[in-house]
Amino acid sequence: ESREWLIHQDKGWLVGQCPGDGRALLHAAGKLGRVCLFKAGQVHRGDDVLDLLTELNQIKPVWIELGLQTIHERTAAYIRRGYPLSVFETAVRNLRERGIEVIVHTILGLPGESEEDILATMEYLNHRDIQGIKLQLLHVLKGTDLAQEYLEGKFHVYEREEYLNLLIDCLEYLDPSIVIHRMTGDGPEKLLIAPLWASRKREVLNLLHHEMKVRNSWQGKQLQ
């Protein structure tokens with residue numbers, strides 16, 4: 001089975017097949033400033049993939065982003081994540097045993113999840129050997145099953161102030177050693193149904209910085 005990998009530098013993409021084009025990827029990595037590899041769902045099994053990542057990591061820093069989204073199995077089934085939490089844990093262990101840094105992608109505002117559920121995901125990640133996290137606001141995009149359920153009124157999306165309060169809470173409960181790689185997101189303008197305020201990303205980040213100053217807030221505050 002071939003596996004597609006993407007190596008990204010600035011706005012350019014190099015596309016190859018693994019393991020067949022593994023040598024080509026290693027050669028290309030030597031010319032790039034850093035390497036980000038996606039589609040890492042197979043790292044819980046398969047020494048060929050792990051061997052390639054280890055070699056790449058010896059040439060230039062490699063970060064693997066794992067799409068956890070949530071620790072709650074009921075939500076994982078709803079969004080069709082496609083694997084149980086144990087697979088994520090094995091993937092993290094396999095990567096860290098080889099010295100490869102791990103970034104975890106999470107989604108805030110998934111249907112059916114309370115603030116307590118989201119903070120439980122943050123607490124769980126505090127005890128995993130991860131180096132970075134992306135906190136992604138849920139986007140409802142045209143042409144998806146999620147969009148249909150949203151239009152039918154089956155779940156609520158955050159207002160901007162609600163999201164900022166939740167985001168600050170997440171940051172306060174996150175271990176300060178975990179690097180924050182994202183705190184919101186701006187969905188494709190032509191596809192975004194809700195929340196529309198998310199398209200004003202700079203405004204959201206400016207408000208976040210202001211609210212954190214007002215609240216005298218910082219990452220890990222609630223852990224002290």
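Helix α5 covers residues 115-126, 12 residues in length, and reaches 17 Å from its first C-alpha to its last. That is close to the 16 Å expected at 1.5 Å a residue, the expected span being 1.5 Å times one less than the number of residues. Helices (H or I, at least four residues) and strands (E, at least two) are DSSP runs, numbered from the N terminus. The model is predicted, with local features needing pLDDT of at least 70 and side-chain atom pairs pLDDT 80 or more, while totals for chains, interfaces and linings use all residues. Residues are numbered from 1 along each chain as its sequence is written, and side-chain values use heavy atoms, with hydrogens and water left out.

Buried residues of α5 include Asp117, Ile118, Leu119, Thr121 and Met122, as well as Tyr124, Leu125 and Asn126. Buried means under 20% relative accessible area, exposed over 50%, and partly exposed in between (1.4 Å probe, protein chains only). The buried residues of α5 pack against β4 (62-69), α3 (73-78), α4 (85-97), β5 (101-108), β6 (132-137) and α7 (160-172).

β5 and β6 run parallel and are joined by six bridges; strands count as paired if DSSP finds at least two bridges between them. In this pairing, isoleucine 107 stands opposite glutamine 136 of β6. β6 also pairs with β8 (residues 179-182), in the parallel sense over three bridges, and there glycine 132 has valine 179 as its bridge partner.

Six of the six residues of β6 are buried. Gly132, Lys134 and Gln136 point one way from the strand, and Ile133, Leu135 and Leu137 the other way.

Lysine 134 brings in the salt bridges (a side-chain nitrogen of Lys or Arg within 4 Å of a carboxyl oxygen of Asp or Glu). The side chain of lysine 134 meets that of glutamate 65 at 2.9 Å, N to O. This pair links strand β6 to strand β4, across 69 residues, and both partners are buried.

The structure holds 11 salt bridges. In another of them, arginine 215 meets aspartate 169 at 3.0 Å, N to O. Arginine 215 lies in the segment after α8 (201-214) and aspartate 169 in helix α7, so the pair ties together parts 46 residues apart in sequence. Arginine 215 is partly exposed at 28% relative accessibility, whereas aspartate 169 is buried at 16%.

Conventions: Contact = heavy atoms within 4.5 Å.
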